[in-house]
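Here is my note on the model. Please read the points with the structure open.

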Amino acid sequence: MNKIERIKKIFEEYGNIMKTSELSAAKIYYKDIKELLSEGIIEKLKQGYYHLVDNEDLSEIKIIKRLYPDAIICMNSALYYHGYSERTPSEWHLAVNKDISKYKLKIDYPFVKIYMFEKHILEVGLSKIDLNGNTARIYDKERTICDCLRYIGKMDKEIFNKAIQYYIRDPKKNIPNLMKYAKQLRVEKKVKDLIGVWL
């Protein structure tokens, strides 16, 4: 087995994403990393994290789960996966604890947009979905709608309006949960003003 094959095999053992400390433990040092980067065999995800380039199974959600195990898919990404938006987001919208180090949030790939929440509301409306065989943490429909109301000023108007209309027409919507979350997230008035008339 040549050096490259050995390194690829080691990466596979770590799910094709490795930290610098894991590389060192596997006797792959700085000089090797530089060589692997220049040859395009690995790519840097963020400071101290690398992934194997030619692995077809390495989906973005796997990278996100490894780098941010506690992150929750939210906002535009959640709207898309719930069928409330037809526009594929150009970046992953992720919710994280506001106390997380900003340094940990800097990654080169995939593109992410981070929303920071206080610990006591971070997991309100948390659910799970299957994305290409990977279990991912995501906000349910009601939490997603509440977040859209919280960040209404930062959202694309068309995406926002369509999301509200999709929710109103959704036969599986859960109004008691919507109102419960609205109270916890302090958007009760917005829910009543913008959605209440349709319910």
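1. Begin with a strand pairing: Ile73 has Leu94, in strand 5, as its bridge partner. This is a predicted model; local features need pLDDT of at least 70, side-chain atom pairs count only at pLDDT 80 or more, and totals for chains, interfaces and linings use all residues. Residues are numbered from 1 along each chain as its sequence is written, and side-chain values use heavy atoms, with hydrogens and water left out.

2. Strand 4 (residues 72-73) pairs with strand 5 in the antiparallel sense, over two bridges. Strands 5 and 6 run parallel and are joined by six bridges. Here His93 stands opposite Lys113 of strand 6. Two strands pair if DSSP finds at least two bridges between them. Helices (H or I, at least four residues) and strands (E, at least two) are DSSP runs, numbered from the N terminus.

3. Strand 5 (residues 92-97) is mostly covered, with five of its six residues buried. Buried means under 20% relative accessible area, exposed over 50%, partly exposed in between (1.4 Å probe, protein chains only).

4. The largest nonpolar core has 31 residues; Leu79, Ala95, Phe117, Tyr139, Ile145, Cys146 and Met155 touch the most other members. At least two residues of this core come from each of helix 5 (75-81), strand 6 (112-117), helix 6 (119-122), helix 7, helix 8 (157-169) and helix 9 (175-184). Helix 8 gives the largest share, six residues. A second, separate core holds 18 residues, among them Tyr49, Ala78, Val112 and Ala136. A nonpolar core is a set of buried Ala, Val, Leu, Ile, Met, Phe, Trp, Tyr and Cys residues joined through side-chain atoms within 4.5 Å.

5. What does Met155 touch, leaving aside its neighbours within four places in sequence? Met155 is in contact with Met75, Asn76, Leu79, Cys148 and Phe160. Contact means heavy atoms within 4.5 Å.

6. Check Asp170, in the loop between helix 8 and helix 9. Asp170 is buried, at a relative accessible area of 8%. A polar atom of the Asp170 side chain lies 2.8 Å from the backbone nitrogen of Lys172. Beyond neighbours within four places in sequence, Asp170 is in contact with Tyr84 and Lys141.

7. Finally, confidence. The protein chain has a mean pLDDT (the predictor's confidence in each residue, from 0 to 100) of 87, and 92% of its residues reach 70 or more. Confidence is lowest in helix 4 (residues 60-67), at a mean of 78, and highest in helix 7 (residues 141-150), at 97. Where pLDDT is low, the predicted coordinates should not be read in detail.

Terms used
Polar contact = N/O pair within 3.5 Å; in protein donor to acceptor, adjacent residues only side chain to side chain.
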